[in-house]
Amino acid sequence: IHFPEQKKYVCIMQKCSEEEGVLAQISYTRTITDNKIPLILEDKITKIGTLVKPLSLGGGTITRHFITGNTQEEVLEHSKTLFESITFTLT
């Protein structure tokens, strides 16, 4: 068996609500520093007006992003920055 050399790193970053309520707004900042890598792909974003809860109360993921890059450090840095910038407004 031959395993090819790893060429890219990928992180799946998900964020859930810390409170229960109706989702009124989602906001986050994506900073682009290069025209190719890292790639940030939005995979799942819950619809505005949906009842959301913390995972401990049976809630689910509100946002899911895939972050792809050439180095592990680069991917983790962009993932942390994106995670910290995501905010939810509940009513």
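1. Which residues does Ser27 touch, not counting those up to four places away in sequence? In this predicted model, Ser27 touches Ser85, Ile86 and Thr87. With Thr87 there is also a polar contact: the two side chains are joined at 2.7 Å.

2. Ser27 lies in strand S2, which covers residues 21–27. Its relative accessibility is 27%, so Ser27 counts as partly exposed. The cut-offs matter here: buried means under 20%, and exposed means over 50%. Ile67 is 40 residues from Ser27 in sequence. In space, the two C-alpha atoms are 17 Å apart.

3. Now the sheet. It is open and made of three strands, in the order S4-S2-S6, with antiparallel pairing. Strand S4 (51–52) and strand S6 (87–90) stand at the edges. Each has a single partner strand, so one side of each has no neighbour in the sheet.

4. S2 pairs with S4 over two bridges, in the antiparallel sense. Within this part of the sheet, Gly21 stands opposite Val52 of S4.

5. How many disulfides does a search of the whole structure find? The search finds zero. For Cys11, the closest cysteine sulfur is in Cys16, and the two sulfurs are 14 Å apart, too far for a bond. A disulfide would need the sulfur atoms within 2.5 Å.

6. Are Cys11 and Cys16 buried or exposed? Cys11 has a relative accessible area of 18%, so Cys11 is buried. Cys16 has a relative accessibility of 19%, and Cys16 therefore counts as buried. The cut-off for buried is under 20%.

Conventions: Residues numbered from 1 in each chain as written. Predicted model: local features only at pLDDT ≥ 70, side-chain atom pairs only at ≥ 80, totals over all residues. Heavy atoms only, no water. Helix = DSSP H or I, 4+ residues; strand = E, 2+ residues; numbered from the N terminus. Buried < 20%, exposed > 50% of the residue type's maximum accessible area, 1.4 Å probe, protein only. Contact = heavy atoms within 4.5 Å. Polar contact = N/O pair within 3.5 Å; in protein donor to acceptor, adjacent residues only side chain to side chain. Pairing = 2+ DSSP bridges.
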